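Thanks for taking a look at this one with me. Here are some notes to read alongside the structure, written for someone meeting it for the first time.

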Amino acid sequence: MKTIKISRRDFMEKALAGSALLMAYPWLNAMADKSSTDYSQKVKIGIIGVGSRGSLLLHYLNELSEMINIEVVAVCDNYEPHYQRAIKKTANKAKAFYDYRKLLDLNDIDAVVIATPLHQHAHITIDALNVGKHVFCEKSMARTLEDVKQMADTHYNTGKVLQIGHQRMFDPRYLTAIELINAGEIGLITQIRAYWHRNNDWRRPLPEGRPELERQINWRLYKEYSCGLMTELASHQIQVANWLKNATPVSVMGAGSINYWKDGREVYDNVALIYSYEDGTQFIYDSMTSNRHYGLEEQIMGDKGTLELEVNKRYFENPPPKPEPPPPAAIVQLMKDIEGGIFSDAIPLTNSSWIPELKVEGNGIAIAEREQGFDESSMQLEAFIASVRKGVPTKGVFEQGYWATVWTLLGQQAMDDHQIVTLPNELKLI
Ligand SMILES: NC(=O)c1ccc[n+]([C@@H]2O[C@H](COP(=O)([O-])OP(=O)(O)OC[C@H]3O[C@@H](n4cnc5c(N)ncnc54)[C@H](O)[C@@H]3O)[C@@H](O)[C@H]2O)c1
């Protein structure tokens, strides 16, 4: 199979041509809509939370500014060093605020990007939607299921765009993987395995002499603000599993522990879960922070082949046979002896009752190549702006984020309560 190389221009061309790929992934169609590619009106954006991720999003928005006529006109952060850094990153042009409500008061802002710690996502998103702003909110959606549902209700009631930051939805490798799956190229998927392994304490250093900033800076490690590995890492891979299956799980079970970093953190440093889908597919997930040998991966296993999405590899269950080397002389002699009846008195040979299940050999082939400079995080912002220009949500985009967070938080619940958890009625979307 030819490896597909995808650039931003290919993406746009595919979008404008309405290719089969785009028909299947409606969020890309937003970019094909005439109103989304009419760049005559400037889209004005505010960013709330300009820490590590927010800074990167600001950088991407700056990069896109001329090409798609957008401008970051306001920034907000309640931590002085990040507040100052953000102002500099806009070349001192943006208005700056410590309180996000002041930013939301600006009438000329069309959209806001939210990259605060998780527990702040819900109320800021809800306030923004309620004053008529379109919202791009980083994953995961929220810290609690109640907040997630309230965000969803506000999104549907206001009709404003709400996109959650799952950039893999815009990654050519993943989009091509979906095409391969839909075309039956890896056969029937019965298992998905995914993991995210690290070997570090996941702590951020505190500024000299400021121990009181621990919870503010290391918010990921405390239950009040985060579900640790689940909301910070697993949610991406749960989104991928749901997306590839075109379904959401029916149940989840799991176990979690703090078994290595006994440093005062409250979130698990070691989790293992099984999500089950209605068709019997099992999605086996684990994440840890004391071994990085296996790194990060999503393995999609069908009866005809396997996809490894992070390393961008496709493997075949029955690879074309390699040319056989000639048998060694001793084997040739043994075969001649058998044919000549030398062993005629011996016990007849039968099939072995146990054959070792050997790994299918082969190095695999690339699923798709991203052209140098292509970045799915930037592409997802471009798609968000396209929806903003259109003025209405692009069908199916928000729901990817919703189901990813719902099943992330239900997985956390399964581990905390030592129970198999199913979807509560109140979280169903009409
Ligand atoms: N999509 C991805 O790949 C990806 C990667 C990293 C982080 N994230 C997400 O981005 C979000 C932020 O993560 P981070 O690593 O940048 O965290 P961070 O701690 O580096 O940044 C958060 C920023 O928000 C600010 N903040 C906190 N409360 C605020 C408030 N009420 N108003 C304004 N600013 C406030 C903090 O001062 C800080 O600057 C998280 O939800 C995280 O999951 C996503």
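Predicted model: local features only at pLDDT ≥ 70, side-chain atom pairs only at ≥ 80, totals over all residues.

1. Let's start with the whole chain. Its secondary structure comes to 14 helices and 16 strands. The chain has 430 residues, and buried residues make up 40% of them. Among contacts between residues at least 6 apart in sequence, 73% join residues at least 24 apart.

2. Now to the helix pairs. Two packed helices are described by the angle between their axes and the distance between the axes. Helix 11 (residues 229–245) packs with helix 14 (residues 397–417) at an angle of about 120 degrees, and their axes are 8 Å apart. Helix 11 and helix 14 are therefore oblique to each other. Their crossing is right-handed. On the helix 11 side, the contact is made by Met230, Thr231, Ala234, Ser235, Ile238, Gln239, Asn242 and Trp243. Helix 14 brings Gln400, Trp403, Ala404, Thr405, Trp407, Thr408, Gly411 and Gln412 to this contact. Sorted by class, the contact of helix 11 with helix 14 has seven nonpolar, nine polar and no charged residues.

3. Helix 14 also packs with helix 8, at an angle of about 165 degrees and with the axes 10 Å apart. That makes helix 8 roughly antiparallel to helix 14. The crossing of this pair is left-handed. Leu145, Val148, Ala152 and His155 of helix 8 make the contact with Phe398, Tyr402, Thr405, Val406 and Leu409 of helix 14. By class, the residues of this contact divide into seven nonpolar, two polar and no charged.

4. Helix 8 (residues 145–158) has another partner, helix 7 (residues 121–130), with an angle of about 10 degrees and axes 10 Å apart. Helix 7 and helix 8 are therefore roughly parallel to each other. In helix 7, Ala122, Thr125, Ile126, Leu129 and Asn130 meet Asp147, Gln150, Met151, Thr154, His155 and Thr158 in helix 8. The classes here are four nonpolar, six polar and one charged.

5. Which residues of helix 7 are buried? They are His121, Ala122, Ile124, Thr125, Ala128 and Leu129. These buried residues pack against strand 2 (43–48), helix 6 (100–104), strand 5 (111–114), strand 6 (134–138), helix 8 and strand 7 (162–165). Just after helix 7, Gly132 takes a positive phi of about 90 degrees.

6. Next, the ligand. It is surrounded by 23 residues, and the closest are Gly49, Gly51, Ser52, Arg53 and Tyr79. Helix 4 (residues 52–68) gives the most to the shell around the ligand, with three residues. By class, the shell has eight nonpolar, 10 polar and five charged residues.

7. Please look at His82 too, which has its place in helix 5 (residues 80–89). Is His82 buried or partly exposed? With 18 other C-beta atoms within 10 Å, His82 is partly exposed. Leaving out residues up to four places away in sequence, His82 touches Val50, Gly51 and Asp77. His82 and Ser52 are 30 residues apart along the chain, and their C-alpha atoms are separated by 8.9 Å.

8. Last come some backbone details to check. Most residues other than glycine have a negative phi, and most peptide bonds are trans. Asn69, in the loop between helix 4 and strand 3 (70–76), has a positive phi, near 55 degrees. Asn69 counts as partly exposed, with 15 C-beta neighbours inside 10 Å. Trp202 has a positive phi near 65 degrees and lies in the loop between strand 8 (189–197) and helix 10 (214–217). Trp202 is partly exposed, with 17 other C-beta atoms within 10 Å. The peptide bond from Lys139 to Ser140 is cis, with omega near -15 degrees, and Ser140 lies in the loop between strand 6 and helix 8.

Definitions and conventions:
Residues numbered from 1 in each chain as written. Axes fitted to C-alpha atoms, helices over the stretch in contact; angles between N-to-C directions. Helix = DSSP H or I, 4+ residues; strand = E, 2+ residues; numbered from the N terminus. Parallel < 35°, antiparallel > 145°, perpendicular 65-115°, else oblique. Left-handed = near helix turned anticlockwise from the far one by under 90°. Contact = placed C-beta atoms within 7 Å. Nonpolar A, V, L, I, M, F, W, Y, C, P; charged D, E, K, R; others polar. Near = placed C-beta within 6 Å. Buried ≥ 20, exposed ≤ 12 C-beta atoms within 10 Å, placed from the backbone.
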